[in-house]
Amino acid sequence: MPRCDVLNARLAILAEEACPMIAQLNPSLPLTVEGRDGGLASTMIDYGAEHNLLWVTALDANGEIWCAPDPKARVQKNWSMGRTAIDWSRDKDASADAAGPADSTDDLKHGA
């Protein structure tokens with residue numbers, strides 16, 4: 001393999017690793033950002049396996065544009081799809097589970 005082909009192959013691999021994948025959403029997706037208002041997500045940015053997806057969202061209330069990471073974004077309520085409430089507690093429960101029990105008596109209290 002000629003030297004320039006090897007160099008081009010290595011550059012292509014580096015370019016794939018360094019460049020984020022950016023997808024324009026068409027149609028825009030109605031999202032709610034935790035601690036903010038609802039809005040429309042027009043773009044999704046993926047920096048790779050070690051990072052959260054980012055949802056570029058224009059908020060309805062004030063027009064601000066936020067890049068919300070996946071754990072802070074939820075689709076908006078939709079009665080016809082059966083989503084009548086947004087559940088933010090799932091993230092809080094997951095972080096508590098990751099921390100582990102405070103002491104060994106916690107397992108006894110919860111019947112585990």
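**Sheet and core of a predicted model**

Strand β3 (residues 54-59) runs antiparallel to β4, and five bridges join the two. Strands here are DSSP runs of E with at least two residues, numbered from the N terminus. This is a predicted model: local features need pLDDT of at least 70, side-chain atom pairs count only at pLDDT 80 or more, and totals for chains, interfaces and linings use all residues. Residues are numbered from 1 along each chain as its sequence is written, and side-chain values use heavy atoms, leaving out hydrogens and water.

**Sheet**
- Five strands make up an open sheet, ordered β4-β3-β2-β1-β5, with antiparallel pairing (two strands pair if DSSP finds at least two bridges between them).
- β4 (65-69) and β5 (73-75) are at the edges and have a single partner strand each, so one side of each lacks a neighbour in the sheet.
- In β4, Cys-67 stands opposite Val-56.

**Core**
- The largest nonpolar core has eight residues, including Leu-31, Trp-55 and Ala-73.
- Such a core is a set of buried Ala, Val, Leu, Ile, Met, Phe, Trp, Tyr and Cys residues joined through side-chain atoms within 4.5 Å.
- At least two residues of this core come from each of β1, β2 (38-46) and β3.
- Leu-31 is in contact (heavy atoms within 4.5 Å) with Trp-55 and Ala-73, among others, leaving aside neighbours within four places in sequence.

**Thr-32**
- Thr-32 belongs to strand β1 (residues 21-33).
- Thr-32 counts as buried because its relative accessibility is 15% (buried means under 20% relative accessible area, with a 1.4 Å probe and protein chains only).
- Beyond neighbours within four places in sequence, the contacts of Thr-32 include Asp-37, Ile-86 and Trp-88.

Key: Helix = DSSP H or I, 4+ residues; strand = E, 2+ residues; numbered from the N terminus. Buried < 20%, exposed > 50% of the residue type's maximum accessible area, 1.4 Å probe, protein only.
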